[in-house]
Structures are given as structure tokens and as C-alpha cells.
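Try each task before you read its solution.

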Amino acid sequence: MKYISVEQVEPGDILARSIYTSEGLTLLHAGVQLTVGMINKLRRFGVTMLSIKDPLLDDIDMEEVVTETTRKDAIRNLSAAIQCVQSGKYMDVRGIQKSVGNIVEEVLRNRRILLNLGEIRTTDNSLYIHSLNVCMMATVMGVGLGYNTNQLKELAIGALLHDIGKISGSPDKKEDTADEEELEKHFTWLGFNVLRKKHEMSIVSAHIPLQHQEWVDGSGIPRGLAGEEIHEFAKIVAICNYYDDLISPFSEEGETLAPYVACERIMGLADKRFDIKMVIHFLRSIALYPTGSSLKLSTGEIGVVIDQNRGLPSRPVVRVIRREQHASDVMAEQHDIRDIDLSAEPTIFITGVME
């Protein structure tokens with residue numbers, strides 16, 4: 001599998017990962033052969049990157065921290081919860097709790113696998129993919145920090161629903177004294193008020209939507225909390241939320257960054273926006289160069305990331321494929337394949353990421 005721009009996709013390419021709607025339904029199944037019409041439709045849906053199968057990478061076993069079934073189920077239950085909140089109906093949290101339980105169980109079981117965020121985003125599913133990514137990242141960090149199962153579930157629920165305040169109602173349903181700008185500024189309060197009324201949920205989970213925009217230097221919103229005044233879970237979600245915003249083409253950050261650049265941005269905000277201890281744990285949890293991405297090496301070669309090194313996320317395993325046509329037969333190709341484990345090759349460096 002390789003992860004490439006939709007502009008590089010050609011008719012006949014095979015989709016490697018399924019694409020979901022906001023309701024958790026499958027828009028396109030993995031394994032489908034893409035046509036010109038499908039590619040154009042994906043562009044209209046706002047898709048910028050796709051996972052495509054490559055015969056020279058088929059022997060690679062793509063390890064997942066959270067299975068496709070669990071991810072799809074979480075999107076479906078999140079969608080149902082959001083629809084209830086938007087329509088003013090009772091939000092049954094049992095579906096959310098079930099999905100979170102499965103995510104926690106799988107992250108604990110696969111704790112030695114580095115997290116890759118490879119879901120394909122569209123204008124329709126971007127909010128749901130964002131919420132799911134933040135939930136998975138926060139849970140992985142929580143496992144690394146040694147949280148017990150109950151703590152992990154509290155963290156995961158708050159992380160999955162951290163943006164619930166953004167869709168919890170329109171200004172005409174709120175107090176007349178609060179204008180639209182003030183409501184947007186304090187969407188964190190709206191999210192807190194939605195979750196704190198759910199007796200099936202911990203009040204700790206409710207504080208995550210409230211505090212995930214607070215910065216450790218006291219410059220955040222809505223209350224300007226600082227340092228130890230901010231709950232540890234909210235500090236985790238603050239980093240995960242910002243990171244996923246930076247790598248998403250649909251965020252309000254104004255630019256889409258490569259994962260390793262986004263990590264550098266977060267490192268630069270340690271002890272300002274983010275707790276430095278949490279930044280360190282975050283960098284241990286995420287793949288700086290996701291599996292399937294194409295890299296430029298200091299040897300002048302270009303390769304595809306095929307595996308991760310848990311303790312060294314900046315030194316993945318890269319497959320270099322050199323294609324040479326036979327002079328006697330322009331249709332025949334000879335492939336020189338070499339796998340380079342950068343953790344064992346200290347003199348080889350990553351010099352860039354292919355767009």
C-alpha cells in the first residue's frame with residue numbers, strides 16, 4: 001500500500017482502504033478498481049489523499065492498532081449521538097460506550113504497534129474522522145502513561161466527544177445575552193453542558209470538551225486555566241486535537257502539514273500551549289512518517305515506508321524500489337528491491353517527504 005495525492009491516482013489503481021460516509025457506511029470498499037468517474041467524484045468530495053495498492057508492496061502486513069470494524073462502528077455511533085444532540089433528542093450513550101470499550105481493548109492488545117492515521121477524509125466525514133483520530137491518539141497516549149482501563153475509557157469518551165459543543169445547537173436556542181461570537185468562543189462550555197447531564201458518563205469525561213482549549217501558560221479559553229489547573233486528560237486531548245487539525249485538509253488552521261512537520265510545530269509549543277511531559281509521550285505514540293508515505297533519503301533514493309520502529313518513530317523501515325526497463329523489451333521491467341531499516345543505518349537520513 002502507498003499513500004499518495006489524488007492527483008497522482010490513475011484509472012485502474014486499486015483502493016487499499018475503504019472510504020466511509022459520516023454515518024459510518026462504506027462509500028467505496030477497499031479492493032475496488034478506480035475509474036475516471038470515481039476519481040473525479042472523490043475530488044468533488046474533497047478527497048486529497050488516497051491509499052492505493054502496489055503489487056511490489058503486497059507482502060507487507062499493515063498492522064492496525066484499531067481494526068477497521070471498530071473504527072467504522074465508532075463513526076456510526078458518533079454520528080447517531082451527534083444527530084440526537086443536533087435535533088434536541090435524548091442521546092443514548094450506550095453505543096459510544098461500546099465503541100470506546102472496543103477501542104480501549106484493542107489499543108491495550110496492540111500497544112507495541114505505532115499508530116498510523118490513514119483514514120481517507122472527505123467534506124462529509126471530516127468531523128467524524130477527526131474525532132476518531134483524536135480518540136485513538138489519546139487512548140494510545142493513555143496506555144503509555146499507565147492509565148487503568150476505567151481511566152482509559154473516561155479519556156477516550158471525552159476525546160471522541162471533545163467537539164460535541166460545536167454542533168450542540170444554534171445561537172437562537174441560547175440565551176439572548178450571548179451573541180454568535182461569544183457562543184463560538186465558548187463552544188467548550190456547550191460541550192461540557194451536554195456531557196455533564198449524562199449520568200452514565202464520568203464528570204471527568206465532561207471536563208475534556210471544556211478544557212481542551214486551555215493552554216498551560218494560561219492563554220487559552222474559556223477560563224484561562226494554567227499548569228496544574230488543567231486536567232491531565234484535557235492536556236492530552238489538546239495535543240491530539242491540534243495535531244490532527246494540522247494534518248487535516250479540512251481544518252481551520254489554514255494549512256495542511258506533513259506529520260513530521262506537525263510534530264515539530266507541537267514541540268515548539270511545549271511549555272507554552274502544551275505540557276512538555278505530554279508532548280514527549282505524544283511523540284512516542286505517533287508515526288512521524290506514516291506507513292505508505294514516500295520519502296527521499298540522503299542516498300538519493302526514494303522509498304515507501306513499510307514498517308515502524310516503536311521506540312524510534314523518526315527512523316522507520318523504508319522499501320526502495322528501483323525500476324529498470326530491459327533494453328530489448330520496453331514492456332519488461334526489472335525490479336531491484338531493498339528494505340532499509342533506518343534504526344540500523346545511522347548514516348542514512350530522511351531528507352524530505354514526497355508530496
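Predicted model: local features only at pLDDT ≥ 70, side-chain atom pairs only at ≥ 80, totals over all residues.

**Exercise 1.** Find which helices each supply at least two residues of the lining of the second largest pocket.

**Exercise 2.** Describe the second largest pocket by its volume, the residues closest to its centre and the kinds of residue in its lining.

*Solution.* Start with the space itself, which has a volume of about 580 Å³. Then turn to the 23 residues that line the pocket: D163, K166, D245, S251 and E252 are the closest to its centre. Finally, sort the lining by kind, which gives 9 charged, 8 nonpolar and 6 polar residues.

**Exercise 3.** Work out how helix α10 (residues 259-268) and helix α11 (residues 276-285) are oriented: roughly parallel or roughly antiparallel?

*Solution.* First, take the two axes: they come within 10 Å and cross at roughly 165 degrees. Angles over 145 degrees count as roughly antiparallel, so α10 and α11 are roughly antiparallel to each other. Last, check the hand: α10 passes α11 in a left-handed crossing.

**Exercise 4.** Which residues of α10 and α11 meet, and of what kind are they?

*Solution.* On the α10 side, pick out C263, I266 and M267; in α11, they meet V279, F282 and L283. Now sort the residues of this contact: 6 are nonpolar, with no polar and no charged ones.

Methods
Residues numbered from 1 in each chain as written. Heavy atoms only, no water. Axes fitted to C-alpha atoms, helices over the stretch in contact; angles between N-to-C directions. Helix = DSSP H or I, 4+ residues; strand = E, 2+ residues; numbered from the N terminus. Parallel < 35°, antiparallel > 145°, perpendicular 65-115°, else oblique. Left-handed = near helix turned anticlockwise from the far one by under 90°. Contact = heavy atoms within 4.5 Å. Nonpolar A, V, L, I, M, F, W, Y, C, P; charged D, E, K, R; others polar. 1 Å grid on protein atoms, 1.4 Å probe; cavity = no way out; pocket = protein on both sides within 12 Å on 5 of 7 lines; lining within 4 Å. Points joined across faces, edges and corners; volume = space filled by probe spheres on them.
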